[in-house]
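Open the model in your viewer and keep the selection tool at hand. The tour goes from the whole chain to single side chains.

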Amino acid sequence: MLLHLHVKNLALIRETEIDFSEGLNILTGETGAGKSILIGSMTMALGGKVPREMLREEGEPALVELVFSVDHPGLLRKLEELDIPADDGELVLSRKITGSRSICRLNGETVSTSVLKEVSSWLIDIHGQHEHQSLLNKKKHLEILDAYAHEELLSVLQELSECFGVCQKLNRELEQTLGDAGTRAREQSLLEFEIQEIEEAELKDGEDELLEQSYRRMVNSRKILEALNMVQSLCGGEEMSASEQTGRACRELSQILQYDEGLGNFNDQLQEIDSSLQDFVRELSDYMEGFEFSGQEFQDTEERLNLINRLKAKYGPSIAEIRTYLEEKQKRLSILANFEQYRKKLQEEYEKASKKLEEYCRKAHGIRVKAAEKLTVLMQEQLGELNFLDVKFEISVKDTGIPSANGFDDVEFMISTNPGEPMKPLGKIASGGELSRVMLAIKTVMADQDEIDTVIFDEIDTGISGRTAQKVSEKLALIGRSRQVICITHLAQLASMADSHYCIEKQAHDGSTQTRIRRLSGEEITEELARILGGARITDAVRWNAMEMRRLALEFKKKTGKTCQ
């Protein structure tokens with residue numbers, strides 16, 4: 001359940017906090033006061049998109065925090081997997097937005113937006129202002145049915161999708177075999193040439209690097225020898241070389257050792273330096289004697305490098321990639337050499353996969369048909385409670401015979417809202433108000449199945465009034481008995497059923513316009529209902545109507561086992 005909302009520096013909201021309660025929480029206010037900003041802030045906190053226009057121009061970071069009480073075993077297991085403790089059964093979701101950057105946290109632990117979305121799917125279901133319009137699209141009908149049958153259908157759809165992918169791959173490969181024999185012969189000839197060229201090179205791992213190193217040494221041999229001759233002269237030459245100087249120093253020091261025993265350490269170090277230098281000069285001389293190569297060796301190295309580089313330019317930037325290319329072409333050549341057998345095997349695999357795909361499609365179809373029958377009964381019941389008199393509702397599940405990654409079913413909601421009228425597609429006959437009520441019925445059924453603790457309706461009252469509005473208000477009150485409902489509304493009938501009523505107001509403060517929210521109590525509730533019912537002037541008659549509406553709401557809740565605030 002959502003316990004607390006904290007919003008800071010977002011659109012018209014400088015800073016506001018709300019404590020929500022159990023049951024039906026109603027939010028009302030004048031048009032443009034900022035009601036939808038609150039819903040937008042919740043959506044952002046749950047990992048949704050951040051509209052740039054909602055960020056304040058001052059550039060101050062926006063912050064949205066939601067505090068939930070959690071006890072669902074599945075959610076607690078998920079939090080444990082993420083190593084996020086749910087202290088005292090509470091979970092704090094927060095999102096801080098600065099420019100194009102946002103930081104998401106769960107109980108203080110930084111998480112990705114995808115993790116935030118995954119966790120929030122256990123906590124809350126938001127029905128936006130225009131979501132009911134999605135019912136005009138048949139694809140939405142399939143999504144709703146699949147969501148209802150999720151537990152039984154999920155594994156089947158996963159297998160179905162994988163099988164469909166295999167069929168598509170095999171079909172593409174079959175299409176590639178439709179070329180003429182002449183084209184295949186030319187391809188085969190080219191493959192044989194490329195394979196022969198690579199195999200004759202007898203490439204060895206790492207030889208290109210060794211050859212390049214040797215080639216650089218040969219090309220720069222004059223510079224190397226000139227430098228080494230200079231080093232040899234400086235270190236071991238006859239006149240003024242380092243070796244001569246250290247040898248002379250050793251002789252001078254040895255002549256005075258008898259006068260001071262403390263000079264022994266210096267003598268040992270100098271002798272070691274002299275010995276190391278002589279070893280260096282000998283090793284350098286040996287290296288220089290061996291630093292010779294023939295013109296033939298240089299030519300062979302250059303030609304081998306040119307061959308390897310030519311193969312790299314044609315078949316891949318490294319010897320490993322050339323080998324990979326060779327393996328692929330050898331496989332392709334094997335296919336062309338045994339083309340008829342390959343095509344026959346491919347056809348058999350495709351037929352086998354297609355048969356398997358059809359089996360999965362039929363299995364998914366069977367599950368959907370059974371789920372549609374159950375969902376139809378539940379929807380019929382819910383729609384009857386929402387003032388659809390003599391309504392008939394069906395879910396059509398047709399086998400199109402054309403497989404896809406989701407099966408071959410065409411799902412469509414059918415409805416008849418008047419006695420004697422035939423069943424017709426929902427999207428073709430339903431008005432805006434009827435679509436709103438159908439979506440409310442769907443949300444009610446799905447929430448009961450998913451056991452989501454909090455459901456938010458942003459202006460579910462679109463296109464309804466009078467007796468229908470009363471029925472919708474009663475339905476929301478009944479839903480509020482089993483879970484928390486947060487509802488933004490412009491209708492007094494819905495507002496009168498509130499367990500907790502909040503007023504959203506736009507006020508001028510320090511030269512700027514800001515949105516504030518406060519919980520109403522006592523006479524404030526009646527005054528707000530009167531404001532919704534009345535026009536420019538609220539009369540005593542309007543106030544009396546508001547009190548009567550509140551009294552009837554209290555009476556309904558007592559009758560159904562629920563009391564108002």
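Start with everything selected. The protein has a radius of gyration of 41 Å, whereas a compact globule of 565 residues would have one near 24 Å. Keep in mind that this model is predicted. Along the principal axes, the C-alpha atoms fill a box of roughly 125 × 85 × 40 Å. Switch to cartoon view: the protein has 19 helices and 15 strands.

Next, select residues 138-148, helix α4, together with residues 339-384, helix α13. At what angle do the two helices pack? The angle is about 95°, and the axes are 9 Å apart. Angles of 65 to 115 degrees count as roughly perpendicular, so α4 is roughly perpendicular to α13.

Now show side chains at this contact. From α4, pick Leu142, Ile144, Leu145, Asp146 and Tyr148. They meet Arg368, Ala371, Ala372, Lys374, Leu375 and Leu378 of α13. Color them by type: eight are nonpolar, three are charged and none is polar.

Move on to Arg184 and Phe339. The charged end of Arg184 sits over the Phe339 ring, 3.9 Å from the ring centre.

Last, display the aromatic rings. The count of aromatic pairs is three.

Technical notes:
Residues numbered from 1 in each chain as written. Predicted model: local features only at pLDDT ≥ 70, side-chain atom pairs only at ≥ 80, totals over all residues. Heavy atoms only, no water. Axes fitted to C-alpha atoms, helices over the stretch in contact; angles between N-to-C directions. Helix = DSSP H or I, 4+ residues; strand = E, 2+ residues; numbered from the N terminus. Parallel < 35°, antiparallel > 145°, perpendicular 65-115°, else oblique. Contact = heavy atoms within 4.5 Å. Nonpolar A, V, L, I, M, F, W, Y, C, P; charged D, E, K, R; others polar. Phe/Tyr/Trp six-rings, centres within 6.5 Å; stacked < 30°, edge-to-face > 60°. Lys NZ or Arg CZ within 6 Å of the ring centre and 35° of its normal. Rg over C-alpha atoms; globule rule 2.2 N^0.38 Å.
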